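Please look through the sequence and the structure shown here before reading on. The report that follows describes a sheet and what surrounds it.

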Amino acid sequence: MSLTVSVDVMGTVVTLSLFHDGDLDMDRARPYFDEAEHVLREVDRVFSTYRPESPVSRLRRGEMALGEAPPEVAEVLDLCREAREKSGGWFDPWAMPGGVDPTGLVKGWAAGRALNVLAAAGTDGALVNAAGDLASYGVVAPSQAFRVGIADPFSPDTLAAVVELDGALATSGTYERGSHLLNPHTQVRESAVASASVTGPDPGLADAFATALCVGGEAVLERLERLARYEAYVINFDGSRQMTPGFALVEVTAS
Amino acid sequence: MIKRTPFVLAGTIAGLAGLLSFRSTPASMTLGTVAAASAASNTASNTASTPASAPASSGSTPAGSGPSANTGAASPTTTVAQTTPVTGVHSATGPLVNYYFGILSVKVTASGTKVEKVTIKTINDGGNPLSQSIDQMSIPQLESQAMAVQNANIQGVSGASYTSAGFKMSLQGALTKLGIK
């Protein structure tokens with residue numbers, strides 16, 4: 001069975017789920033859900049670029065040094081640096097207007113942090129869905145892996161594909177709010193593909209790579225092909241699909 | 001499996017409840033073209049500068065707030081007669097349309113009939129603080145998630161979709177101008 005809780009946080013809705021082959025007691029699960037929610041609220045408090053007083057906003061305005069910010073900020077920026085390097089600069093928080101903006105990685109990273117809390121509950125599996133950034137642990141039930149859908153960018157009510165999930169999955173699309181879908185090389189809001197999905201072990205990196213892939217298209221797909229443990233699935237504007245050889249595709253739904 | 005169903009539904013209902021509370025704040029998700037502005041952008045040479053004042057002033061009128069506003073979409077695209085595919089790299093900008101938080105237009109760059117790039121040409125949310133605190137994608141994503149989770153043996157949905165009907169509308173206008181579809 002499963003238990004799911006929705007949390008209204010970070011300007012969106014995050015769902016937290018526990019899965020177990022056997023009974024799940026909400027009274028026993030509640031502390032884990034509460035702690036995961038607390039983690040998400042803390043991420044919002046620290047990283048929101050929409051809250052003028054958040055440490056990241058103050059960092060961006062030069063009112064706070066990195067050393068004065070909560071240690072999570074340096075941790076996230078280190079991960080951003082890794083994502084920038086591995087994406088060939090197609091994900092670049094330092095190229096955003098108004099100062100360093102890790103937003104394109106934070107939602108996935110936050111999903112991973114919340115997942116770590118849920119994993120401690122000791123159930124067969126757990127899943128965090130931060131408005132499309134998925135982070136999973138374990139399985140739905142013994143010998144039943146997580147299966148998740150990728151939304152069809154041309155038809156919001158239907159799925160474009162179903163994927164077997166072991167770790168994280170992030171998808172980026174042409175029209176996403178926020179400055180992170182900005183071409184770091186041209187400073188223009190644009191996309192090369194209609195939808196870009198990336199799976200891999202780290203939810204923060206998967207989020208950043210999906211953003212990079214959406215903006216950079218083919219150039220980033222080639223890089224992800226060479227990168228171990230990260231796989232990608234792209235839906236082009238003409239509806240055609242591309243994927244890296246190891247992408248765990250279960251089925252494809254035509255647009 | 002059967003045992004799990006009620007809990008999945010419970011999650012879905014909770015998600016939808018969150019949705020509804022978002023929805024009740026601004027008028028509605030309905031969209032419509034901004035008559036004056038889109039007429040301007042339909043003229044042939046809408047390449048570089050979109051007057052910044054036009055979106056702001058048009059945005060204050062509640063043009064897209066009525067349920068029938070979507071019918072306005074037909075006029076800008078049908079007035080464009082060009083349907084012959086062009087060769088070489090070319091681009092076109094779709095009409096300015098209202099979306100949830102303001103006004104936007106979409107630019108498409110194509111090589112022949114292959115779309116190379118889609119760009120947000122203009123976006124103006126009028127400084128609406130709501131648009132900064134609500135992830136525009138989350139509402140429709142949750143809707144599709146709610147439906148998909150009930151219809152397929154899956155545990156979640158990832159994906160950004162052209163859920164801003166305004167975005168889709170402007171995109172379609174640009175594609176029509178390019179003779180692509």
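In which order do the eight strands of the open sheet of chain A lie, and in what sense do they pair? The order is β1-β2-β3-β4-β7-β10-β11-β12 in chain A, and the pairing is antiparallel; here strands are DSSP runs of E of at least two residues and helices are runs of H or I of at least four, both numbered from the N terminus, and two strands pair if DSSP finds at least two bridges between them. The edge strands, each pairing on one side only, are β1 (2-9) and β12 (241-243) of chain A.

This is a predicted model, in which local features need pLDDT of at least 70 and side-chain atom pairs count only at pLDDT 80 or more, while totals for chains, interfaces and linings use all residues. Residues are numbered from 1 along each chain as its sequence is written, and chains are lettered from A and ligands numbered from 1 in the order in which they are written.

**Pairs within the sheet**

| Strand pair | Sense and bridges |
|---|---|
| β1(A) and β2(A) | antiparallel, eight bridges |
| β2(A) and β3(A) | antiparallel, six bridges |
| β3(A) and β4(A) | antiparallel, six bridges |

L18(A) in β2(A) is the bridge partner of L3(A), and L18(A) also has a bridge partner in β3(A), namely A126(A). Further along β3(A), A130(A) stands opposite D133(A) in β4(A), and in the hairpin of these two strands, which has two residues between them, A131(A) takes a positive phi near 45 degrees.

Because six of the six residues of β3(A) (residues 125-130) are buried, this strand is largely enclosed by the rest of the structure; a residue is buried if 20 or more other C-beta atoms, placed from the backbone, lie within 10 Å of its own. In a regular strand the side chains alternate between the two faces of the sheet. In β3(A), G125(A), L127(A) and N129(A) lie on one side and A126(A), V128(A) and A130(A) on the other, and both faces are covered.

Helix α5(A), residues 203-216, has 14 residues, and 14 of its 14 residues are buried. Just after α5(A), G217(A) takes a positive phi of about 60 degrees.

Leaving aside residues up to four places away in sequence, L118(A) touches, among others, L18(A), A126(A) and V128(A), where contact requires C-beta atoms, placed from the backbone, within 7 Å.

Note on methods:
Expected span 1.5 Å × (residues − 1). Buried ≥ 20, exposed ≤ 12 C-beta atoms within 10 Å, placed from the backbone. Contact = placed C-beta atoms within 7 Å.
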